[in-house]
Every structure is written in structure tokens, then in C-alpha cells.
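Grab a pencil and work through these exercises with the model open beside you. Each one sets a task and then walks through a solution.

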Amino acid sequence: MSAGDLICIPHGSKRSAKTFPNRLIESQCLNIVVHTPKGAPFSLPFPLICRIGNHPDLSFLYDEIQKAVLLKKPDCRLHAQAYILLILEEFYQLLYTKKENRITDFRVRKIMEYVAVHYNQSLKLSDAARIVDLSPVYFGNLFKQQTGMSFRQYITTIRLNQAENMLLNGENTVGEVAELCGFSDAFYFSKVYREQKGISPSKISRFHDNR
């Protein structure tokens, strides 16, 4: 084995290994058992040894697990589990997904995760760039290169998709949905929604009420 190899040892088996003084490598280890949502054992779809290469985003995720455990906050276990799932998803993407279809830069992925939680807040390109310690111009170009959308377009897409889910649920008015999804006013929200979705949000609300 060499640097950049992924080793997936099946549950219940035993393996031993040794290193050589002239070929030392840094390694990361996860000792986990994965279950399906119903609690049944689940075998990871990875071979025993495969080549995935070295990736800064994986190192970042391992560091986040270590920080979550060391801080020992009440929700540290949940945080660690979430990062483990992200690592497993990254392994799967590296092995089975074409590179051109992947978001490979960990800084872009970090901001995408941030937007998923804070989409209803005021988010500017400069704010996102500050989070990952990049200049706004560099980060804006990087984000568009990785996602195919500008940062503003991406936020709008996330907000509109969430708005669509809320409208279909029928628990909020159009005005309430606009506010909860981070739009400045209901008129602007309706205009953008109609342009992107091809239907006005009020029609979706009426459709739900008439079911």
C-alpha cells in the first residue's frame, strides 16, 4: 500500500500491518459499523484496497471529527456521525462518480453546507469568502467553476426549492413562505418564483387548498 490508498476492512475480520522507516505515511482511521435506517447491518460498497488519492477535503472532515470529539459538547456524537457520513459519501464519489460531475473543492462544499442551514439569512459573496478565508473575486470564480452557478444563483435556487416544499405542505401563506425562505418581500418572491418555476406560488397554494 502507499499514500492515497483506501483500506476497507470488513467487520469482524482481523488485519495487521507494519510501516517502513524510509516510507512513512500519514494515515487516518475510522472504526465504525454502518446500519440501514431500520437497523440492519450494511456492508460498504468498497473493495478491500483501492486507490483514491490525497484530498484536502477528506483531511478537513477528519479534523472536524477530531474537534467534535475533543470539545465534548452535548451534540458531539451527532456531529461526529454527520462528518463520518460525509467521509463515506466522499469515498463513494471518488470511486464511482465521474470527476467532472463532482464538487471537489472542500471550501465550496463547506459553503454549500452552510447555505443549506442559513439560506433564510442575508448571505453575500463576501460573507461566504470570509468563512473560507478567500478573496470574494477568487471564491466567486471558484464557486462558479465547481457548481456551474454564481453564488447568488445558487442561493436563489436553494431558497426557491425550499419555498416549493413549504408551499406544497400548505402550512404557510405565500407571504410567510417568502419571509421564511429569505426573500425581502412577497412580490419579489412571486416574480422570481414564476420566472424560475413557470408557475406562480399562489397557484400552488390554491392547488393545495382545493385537494
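**Exercise 1. Find which residues line the largest cavity, and sort them by element and class.**

Step 1. Pick out the lining: Asp 57, Phe 60, Leu 61, Leu 86, Phe 106, Arg 109, Lys 110 and Glu 113. On a 1 Å grid over the protein atoms alone, a cavity is a set of points where a 1.4 Å probe fits but cannot get out, and lining residues have an atom within 4 Å of a point.

Step 2. Before going on, know your source: this is a predicted model, where local features need pLDDT of at least 70 and side-chain atom pairs count only at pLDDT 80 or more, while totals for chains, interfaces and linings use all residues. Residues are numbered from 1 along each chain as its sequence is written, and side-chain values use heavy atoms, with hydrogens and water left out.

Step 3. Now the space: the largest cavity holds about 70 Å³, and the structure has one cavity of 30 Å³ or more. A volume here is the space filled by probe spheres set on the points, with grid points joined across faces, edges and corners.

Step 4. H1 and H3 are the elements giving two or more residues to this lining, and H3 supplies the largest share, four residues. (Helices are DSSP runs of H or I, at least four residues; strands are runs of E, at least two; both are numbered from the N terminus.)

Step 5. By class you get four nonpolar, no polar and four charged residues. Ala, Val, Leu, Ile, Met, Phe, Trp, Tyr, Cys and Pro count as nonpolar, Asp, Glu, Lys and Arg as charged, and the others, Gly among them, as polar.

**Exercise 2. Describe how H3 packs against H5.**

Step 1. Take the axes of helix H3 (residues 106-118) and helix H5 (residues 136-147): they come within 10 Å and cross at roughly 85°. Axes are lines fitted to C-alpha atoms, for helices over the stretch in contact, and angles run from 0 to 180 degrees between N-to-C directions.

Step 2. So H3 is roughly perpendicular to H5 (65 to 115 degrees; under 35 would be roughly parallel, over 145 roughly antiparallel, and the rest oblique).

Step 3. On the H3 side, the contact uses Arg 107, Val 108, Ile 111 and Met 112, and H5 brings Tyr 138, Phe 139, Leu 142, Phe 143, Gln 146 and Thr 147. Contact means heavy atoms within 4.5 Å.

Step 4. Sorting that contact gives seven nonpolar, two polar and one charged.

**Exercise 3. Do likewise for H6 and H8.**

Step 1. Helix H6 (residues 151-169) meets helix H8 (residues 186-197) at about 95°, with axes 11 Å apart.

Step 2. That angle makes H6 roughly perpendicular to H8.

Step 3. Among the contact residues are Arg 152 and Leu 160 of H6, and Tyr 188 and Phe 189 of H8. The whole contact divides into seven nonpolar, three polar and three charged residues.

**Exercise 4. Is Asp 133 buried or exposed, and what is its phi?**

Step 1. Look in the loop between helix H4 (125-131) and H5, where Asp 133 is found.

Step 2. Asp 133 counts as exposed because its relative accessible area is 71% (exposed is over 50%, buried under 20%, partly exposed in between, with a 1.4 Å probe and protein chains only).

Step 3. Most residues other than glycine have a negative phi. Asp 133, not a glycine, has a positive phi of about 60°.

Methods. 1 Å grid on protein atoms, 1.4 Å probe; cavity = no way out; pocket = protein on both sides within 12 Å on 5 of 7 lines; lining within 4 Å.
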